[in-house]
Amino acid sequence: MKIICIGRNYSEHARELNNAVPEDPIVFMKPPSALLVSSKPLYYPEFTTALHYEGEIVLQIGKNGRHVQPEFAESYISGIGFGIDFTARDLQQQCKTKGLPWEIAKAFDGSAPISDMVPVEEFPDFPEIAFELHKNGTPVQTGNTKDMLFSITDIIVYVSRFFKLQMGDLIYTGTPAGVGPVQIGDKLEGFIRFPDGLRKMLECEIK
Ligand code: MG
């Protein structure tokens, strides 16, 4: 299985990092060893002094497909979850400045906390999903997938041009504005809005 991530998918977030709004989705990947399940803690990596959270909606792929056509794109999604795309912002900036790939800043062990997946049928407004990330009990990011620059359909169509989608693959769909640093001792909590209210999907303490 693979973990596909989309960058700069909310214009306010692109602006807060002084990035241009992209013409095509920005795609990168993390290996399965990046996943952090069951709300396990993340141990602050020694190679960075600027560990940042990025709260994101994650799509789970339910069937295999290549060159998916737009009218069928949403049918490839079986589950929805909450994930954090942890980023070593200092290393990422160095990579970007040098024009180098940024895996060491994005794909390190534990850089992808992931919640349990909820069947897509439980979201009556799909593909619109509202979500929040709280840090130490305070909301720091609020987002809705309807504000994504590239919709869920756009992402599925684009990614499947290059990579065969396979059952069980995960797609991190990008983060809204409000990203920021964490310190040892901080606690992050990810929420998704359901018809009966906000549901806590994930927590991650920095140790
Ligand atoms: Mg991200």
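**From a helix into the core**

Start at helix 4 (residues 152-162), where Ile152, Thr153, Ile155, Ile156, Tyr158, Val159 and Ser160 are buried; buried means under 20% relative accessible area, exposed over 50%, and partly exposed in between, with a 1.4 Å probe and protein chains only. Helices (H or I, at least four residues) and strands (E, at least two) are DSSP runs, numbered from the N terminus. The model is predicted, so local features need pLDDT of at least 70 and side-chain atom pairs count only at pLDDT 80 or more, while totals for chains, interfaces and linings use all residues. Residues are numbered from 1 along each chain as its sequence is written, and side-chain values use heavy atoms, leaving out hydrogens and water.

Of its 46 residues, Ile80, Ile84, Phe86, Ile156, Ile171 and Ile192 touch the most other members. Strand 10 and helix 4 are among the elements that give two or more residues to this core. Apart from it lies another core, of 11 residues, including Cys5 and Tyr172.

Finally, find glutamate 132 in strand 10 (residues 130-135). Glutamate 132 is buried, because its relative accessible area is 15%. Its side chain makes a polar contact with that of histidine 134 at 2.7 Å; such a contact is a pair of N or O atoms within 3.5 Å, where within protein one must be able to donate a hydrogen and the other to accept it, and residues adjacent in sequence count only if both atoms are side-chain atoms.

Key
A nonpolar core is a set of buried Ala, Val, Leu, Ile, Met, Phe, Trp, Tyr and Cys residues joined through side-chain atoms within 4.5 Å.
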